[in-house]
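Student: Could you take me closely through one residue and its surroundings, and then show me how other parts of the chain are arranged?

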Amino acid sequence: MLGDTQGKKLDKYVHDYVVFDLETTGINCAADRVIEISAVKVLEGKTADTFTALVNPEMKIPFRASQINHIYDDMVKDAPVFQTVLAAFDAFIGDMVLVGHNIHTFDMKFIQRDAQAYWGKVFSNNYIDTLPLARQCLPKLRSHKLTDLAAHYHINADDAHRALADCGMNQKVFERLGEALESPEVQRNMKICPRCGQLMRKRNGRFGEFWGCGGYPECRYTEKLFAK
């Protein structure tokens, strides 16, 4: 949902959400462009609707990007431009919470950048990044990439790096993380920032360990580690 202020990052499980994913021409949020966007609407943990579209980026897709996502110039030459697709995506998501893997530092930056450029607005939907949740729930796992999380949970990862397939994979991972968040072991090691609602992390400072908000530097809330 477009508005004047960006939505907040949340660190929790919700039952109703839209999981989304982008494929792009590269990883530079300032210069690269979206070539595919997909989304899955989930109500009470079950798929209710899907959205997917290829996008004409109005530039040549670098070969190394095509090697990863298997999207080539001839596939997008007759596709709509992103302004058209992003408007349809906005209508699809409404005011629902968005979910995705590593979206805080990647996907959200692309859609916020382009919404601002097209309409002078930003997406005001709150959103959940499953990457920090996975690190919280599975601290001993060596890698928290989406495909590695899928392997850990025995989730099919066929067609990884195409947006709709990644959405389906991410949905299943998020549901499993939601279960893990309820476990006593995870609860004992989890603290939520009372100011912004994000996960807090144990950090080291001049006077020893303390709790620091994971939303730093936007949120600078801290607590003594052993505060009652």
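Tutor: Two residues are said to be in contact when heavy atoms of theirs lie within 4.5 Å. The model is predicted, so local features need pLDDT of at least 70 and side-chain atom pairs count only at pLDDT 80 or more, while totals for chains, interfaces and linings use all residues. Residues are numbered from 1 along each chain as its sequence is written, and side-chain values use heavy atoms, with hydrogens and water left out.

Let us begin with alanine 134, which sits in helix α5, residues 130–137 (helices are DSSP runs of H or I with at least four residues, numbered from the N terminus). Setting aside neighbours within four places in sequence, alanine 134 touches Pro139, His144, Leu149 and Leu177. The C-alpha atoms of alanine 134 and lysine 145 are 9.2 Å apart, although 11 residues separate the two along the chain. Why does alanine 134 count as buried? Its relative accessibility is 0%, and buried means under 20% relative accessible area, exposed over 50%, and partly exposed in between, with a 1.4 Å probe and protein chains only. Phenylalanine 63, by contrast, belongs to helix α1, residues 63–69, and is exposed because its relative accessible area is 57%.

Turning to a pair of helices, α3 (residues 82–93) and α4 (residues 107–119) have axes, lines fitted to C-alpha atoms over the stretch in contact, with angles from 0 to 180 degrees between N-to-C directions, that come within 11 Å and cross at roughly 110 degrees. The two helices are therefore roughly perpendicular (65 to 115 degrees, whereas under 35 is roughly parallel, over 145 roughly antiparallel and the rest oblique). Where they meet, α3 contributes Phe82, Gln83, Leu86, Ala87 and Phe89, and α4 contributes Ile111, Asp114, Ala115, Tyr118 and Trp119.
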